[in-house]
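Dear colleague,

I am passing on the structure we talked about, and I would be grateful if you could read the notes below beside it.

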Amino acid sequence: MENIKSIILKAVPEAIVAEDKQILTVIVEKDKLHHLAKTLRYNADLPFDYLAMLTGVDRGETLGVNYVLSSSKDLTKEVVLQVSTDDRQNPLLYSVTDLWETAHYNEREVYAMLGIRFINNPDMRRFFLNSDWRGFPLRKDYDPDPILNPVVVESKEIEDIAPRIMETPQGLKEDIVEIFEKDDYIINVGPQHPSTHGVMHFRMALDGEIVKKIDVHSGYIHRGIEKLSEKLTYPQILHFTDRLDYLSASINRHALCMCVEKAAQIEIPERAQYIRTIMDELNRVDSHLIGWASMCMDLGATTAFIYGVREREHILQIFEKTSGGRLIVNYNVVGGVMFDIYNDFQKDVKAFIIYMRERLTEYHRLFTGNVIAIGRMEGLGILSREDAISYGVTGPAGRGSGFSCDVRKYHPYALYDKVEFKEVIRTECDAFARYKNRLDEIEESLHIIEQLIDNVPDGDFQAKTKAIIKLPEGEFYQKAEAGRGEFGVFIESRGDKFPYRLKFRSPSMAAVSVMPLICKGEKLSDFISIGGSMDYVIPDIDR
Amino acid sequence: MEVKKIYIKGIPNEEFRDNEYLEKYAEELRAGGVPIVVGALDDLINWGRSNSVWPLAFATSCCGIEFMAAAGAHFDIARFGMEVTRNSPRQADTMVVAGTIVHKMAPLLKRVYDQMAEPKYVVAMGSCAISGGPFVDSYHVVKGVDEIIPVDVYIPGCPPRPESLFYGLMQLQRKIKLERFVFKVKK
């Protein structure tokens with residue numbers, strides 16, 4: 001880290017650098033940010049080519065952005081850049097889209113939520129909200145009066161124009177650009193169709209049946225969870241995480257619990273750690289089963305869908321017996337888990353492992369070797385390793401492109417440093433690799449559960465916590481490996497029982513942001529199967 | 001002609017609770033009397049209609065996954081003649097609104113509803129669709145789909161279990177069975 005520190009100070013001598021264990025926090029002037037970011041991005045020893053999180057924060061007097069950077073060479077090293085502007089009327093910052101592609105959608109989100117516009121971002125429309133939305137919700141002085149923003153039921157035409165601010169030698173220049181060319185034939189895919197895996201809206205320019213350009217519209221399920229959280233105590237926020245990426249409900253909740261526990265320094269009993277890890281892995285199997293089932297369904301294999309949902313029902317029954325919930329389990333709490341496991345838990349889980357292994361071979365026989373299936377997946381939707389890193393695609397999709405990004409390996413939490421498992425990596429970079437990764441990860445998850453299930457120690461399943469949990473002042477990051485990739489939690493606390501700012505890093509957002517790139521030049525029908533292979537969950541993106 | 005007792009396969013009529021207005025409606029029909037041929041025709045049509053309700057899954061979030069689970073082999077929605085989920089509103093009879101409806105989605109929900117052919121029904125599945133649910137305080141959430149479109153059956157839960165979904169859908173069947181199709185009574 002000393003090395004990085006010297007690089008930073010060499011590039012920008014007046015930057016304020018604070019070191020805390022593994023994370024370097026750098027406060028930098030807004031004019032110097034792009035220079036510093038570029039230096040870090042292209043330094044030879046440890047190029048910081050992975051932008052893990054981009055968070056807009058209203059700091060009261062100023063509006064700012066936090067960038068969490070990491071390197072694909074060594075993901076344990078992290079640098080946080082903090083930049084702010086004191087102009088609340090017309091806040092402007094420099095964009096980093098040219099360095100990390102994932103910044104594009106994130107900056108648009110920051111614009112919608114906080115009103116910060118980014119110079120040199122090619123497309124400065126609001127991401128989640130309609131362009132005529134009044135106010136910026138995540139600002140502290142936002143007026144939530146429903147009269148300002150009433151529910152409108154008349155549909156409006158979508159205008160395919162985007163404002164932007166570009167830096168020219170003559171100074172800043174604001175202009176409006178057309179998104180599509182004049183003669184483009186445009187169709188809408190979504191927002192209401194099962195094949196888009198939720199309420200995603202893609203506007204697509206077609207040339208015959210070849211996809212020329214895709215424009216992503218999001219926000220059809222934007223529920224404002226981050227704003228709601230600012231008024232709720234930490235235990236009250238927990239249930240929102242289950243409803244973000246509902247297919248990895250348990251893992252998301254685990255991540256937030258860990259973040260609060262880390263900040264409040266709560267020690268977790270051994271038994272709770274075991275239960276959490278087992279539940280997380282069961283949840284991952286559940287999530288991959290749905291991912292597999294719906295992808296096969298997209299390709300026309302209805303039988304596969306019925307099979308996947310049938311196997312998933314076994315996991316849901318275990319969840320239900322343990323926690324009372326099927327899909328949304330509400331099981332993790334700050335300090336442990338809500339209930340103890342039931343008596344036959346081990347027996348049921350072991351029976352499931354044997355059953356699931358048999359079914360996996362059946363899946364391969366049924367679908368993986370199918371000539372038509374291979375024809376529709378192999379060599380399609382090529383996502384190179386560099387693009388995967390630049391767009392921040394993690395999880396089975398990122399590992400299908402050879403990006404080793406398993407949080408369980410490089411940032412072990414719970415019991416992942418004690419169990420032995422293999423990180424599934426493929427380098428084919430196509431839809432088929434992502435598909436096979438998912439099935440292999442089911443196998444690995446079963447292997448992890450096998451190692452833990454007989455060794456669950458006796459003891460408490462929940463640590464005693466105070467009735468009101470207050471976090472000390474500061475910023476806290478925590479990540480976990482959800483079904484779709486790296487799920488991150490960022491809490492800025494001001495010593496209160498409410499978070500000052502809470503942000504979730506959603507793995508699905510990266511998966512969607514890469515769709516325009518990997519679908520370009522593919523056929524329209526293959527767009528659906530590529531989307532299936534990315535396996536995104538929309539409420540996770542919109543939050 | 002007597003209006004027959006509503007018969008739903010698998011659950012006796014007495015088991016349906018908190019929906020007395022259907023009984024009152026049946027009483028009214030009995031008092032007025034119905035022409036035999038038309039009544040019999042109505043019965044026949046409604047028997048067919050109520051046992052082949054084709055849903056349009058307007059699934060926005062978690063409840064949509066429970067709808068998928070209901071369509072799976074374990075719960076098997078096909079028992080009620082509802083397994084044909086239509087993705088086009090023009091072919092669907094009932095819209096199952098499964099999930100939160102937000103400001104940006106509201107015009108589209110209305111538009112999909114308008115595109116459906118009469119007679120059409122709406123089922124609000126889950127607390128988000130009923131009232132906004134856990135997100136009711138949010139700036140971007142519509143506080144219940146009934147602000148936008150009329151709703152026939154509300155199914156509470158977050159998300160509702162497939163069994164509750166079936167209970168709600170059977171309530172809908174019951175409602176359909178009582179409707180007069182040939183000469184529609186004014187409601």
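How many residues of chain A are in contact with how many residues of chain B? The contact joins 33 residues of chain A to 37 residues of chain B, where two residues are in contact if their C-beta atoms, placed from the backbone, lie within 7 Å.

Before going on, some conventions. This is a predicted model, in which local features need pLDDT of at least 70 and side-chain atom pairs count only at pLDDT 80 or more, while totals for chains, interfaces and linings use all residues. Residues are numbered from 1 along each chain as its sequence is written, and chains are lettered from A and ligands numbered from 1 in the order in which they are written.

**Chain A against chain B**

On the side of chain A that touches chain B, the elements giving two or more residues are helix 4 (225-229) and helix 8 (302-323) of chain A; helices (H or I, at least four residues) and strands (E, at least two) are DSSP runs, numbered from the N terminus. Helix 8 of chain A gives the most to this side, with four residues. By class, the side of chain A that touches chain B has 17 nonpolar, nine polar and seven charged residues, with Ala, Val, Leu, Ile, Met, Phe, Trp, Tyr, Cys and Pro counted as nonpolar, Asp, Glu, Lys and Arg as charged, and the others, Gly among them, as polar.

**Domains of chain A**

Chain A is divided into domain 1 (1-153 + 165-171) and domain 2 (225-542), with bounds that come from an automatic or database domain assignment. The C-alpha centres of the two domains of chain A lie 27 Å apart, and their contact takes 19 residues from domain 1 and 22 residues from domain 2. On the domain 1 side, strand 3 (50-58) and helix 3 (103-114) of chain A each supply at least two residues, and strand 3 of chain A gives the most, with six residues. That side of domain 1 has 12 nonpolar, five polar and two charged residues.

**A helix pair in chain A**

Helix 14 (residues 431-453) and helix 17 (residues 524-534) of chain A pack at an angle of about 35 degrees, with their axes 9 Å apart; axes are lines fitted to C-alpha atoms, for helices over the stretch in contact, and angles run from 0 to 180 degrees between N-to-C directions. In this packing A:Ala431, A:Arg434 and A:Tyr435 of helix 14 meet A:Ser529, A:Ile530 and A:Ser533 of helix 17, and the residues of the contact divide into three nonpolar, two polar and one charged.

**A:Glu209**

A:Glu209 lies in the loop between strand 11 (201-207) and strand 12 (210-217) of chain A. Because A:Glu209 has 11 C-beta neighbours inside 10 Å, this residue counts as exposed (a residue is buried with 20 or more other C-beta atoms within 10 Å of its own, exposed with 12 or fewer, and partly exposed in between, the C-beta atoms being placed from the backbone). Leaving aside neighbours within four places in sequence, A:Glu209 is in contact with A:Lys523 and A:Leu524.

**Chain B**

The secondary structure of chain B comes to six helices and four strands, in the order α-α-β-α-β-α-β-α-β-α along the sequence. Buried residues make up 42% of the 187 residues in chain B.

With best regards
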